[in-house]
Amino acid sequence: MSSGTNNPYSGGYGGQMSGTMSFGSQPAASPAAGGGYIKDTTTAAFTKDVLEESRRQPVLVDFWAPWCGPCKQLTPVLEKVVNEGNGRVKLVKLNIDDHPSIPGQLGIQSIPAIIAFVNGRPVDGFMGAVPESQIRQFIDKLAGPAGAGPEAEIESALEEARALFDGGDIDGAAQLFAAVLQADPENAKGIAGMFECLVALGETARARQMLDSLPEELTKQAPIQAAVLKLQQIEEARKLGDPVALEHELALNPDHHEARMKLAKILNVQGNREEAAEHLLLIMRKDRTFDDDGARRQLLQFFETWGPKDPATISARRKLSSILFS
């Protein structure tokens, strides 16, 4: 699978998912005189120095002021750790007395405050003059352990992309997944993540194209099997009719299990997982023989696509157990 024009996720959604990232493939740039990894910024330069730069590596922003005693304690330790990182992260310092608007917008109320930016967005931070060991732990969490190989860096990027996706930042997640796939085009988690982004953006045709283009051996990996199953559920739900009409049928006849099953499948695709599970559990409570215990089998399929840690899975599995073993 190449990253050229035949790769359906290489160009990204609307041309904006083609993230760029280096995963241990090239050395960091040598620091310039005075430290190329550390600089002061201004309100006018913040976008270039922080937001744009954080698309290449994490950027720490040190909000400080000349009168702040703890700032004077933290700054030399922070600069030491950043310089020793050789470009794993960069440090940008902003004097809040001279440039108050950005810290005001970010809700910075006490200093020193360190905010980490990744891919143009604030993702983590800490306040106060913390020990050197805590600064190192913070940077390791952000950029991966020092000396980590490309595999560890890719895994860290995948975790960050998943966090962005779960937080509703689909475009940001897609850019990170695309960056992972540029470095490792057959990364199953990256492919599955990009698939989820396309689905969330309504690009189901492209999601289908992406999955259909995969080599057979890749489709056997668990993350991609889950993506295939999810797409099958979406495509099936589109054929099941109008959910409003199904709800009307159930209002007239609550024991219309076929309508209830269809509605559960549609609700699942719409993201209403708890409600979808409740409909299947209701069928089970009323008639385990319907469709040869089809409601239970459908619920287990939902669990497979939701994942074992999803709150909907945990809740529905508990209720399922009470039905099966009561």
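Helices here are DSSP runs of H or I with at least four residues, strands are E runs of at least two, and both are numbered from the N terminus. T305 sits in helix α14, which spans residues 294-306.

This is a predicted model, in which local features need pLDDT of at least 70 and side-chain atom pairs count only at pLDDT 80 or more, while totals for chains, interfaces and linings use all residues. Residues are numbered from 1 along each chain as its sequence is written, and side-chain values use heavy atoms, with hydrogens and water left out.

T305 has a relative accessible area of 17%, so T305 is buried. Contact means heavy atoms within 4.5 Å. Setting aside residues up to four places away in sequence, T305 touches A226, L229, K230 and Q233.

**Salt bridges**

A salt bridge puts a side-chain nitrogen of Lys or Arg within 4 Å of a carboxyl oxygen of Asp or Glu. The structure holds 24 of these salt bridges. Among them are the pairs tabulated here.

| Salt bridge | N to O distance |
|---|---|
| R56 and E53 | 2.9 Å |
| K141 and D124 | 3.3 Å |
| D212 and R208 | 3.0 Å |

Take R56 and E53, which form a salt bridge. R56 is exposed at 53% relative accessible area, whereas E53 is buried at 14%.

Next come K141 and D124, whose side chains meet in a salt bridge. This pair links distant parts of the chain, 17 residues apart. K141 belongs to helix α4 (residues 132-143), and D124 belongs to strand β5 (residues 121-127). K141 counts as exposed, with 62% relative accessibility. D124 counts as partly exposed, with 27%.

The pair D212 and R208 lies within helix α8 (residues 204-212). What separates D212 and R208 in the helix? They are four residues apart, so the separation is about one helical turn. D212 is exposed, its relative accessible area being 53%. R208 has 24% relative accessibility and counts as partly exposed.

Notes:
Buried means under 20% relative accessible area, exposed over 50%, partly exposed in between (1.4 Å probe, protein chains only).
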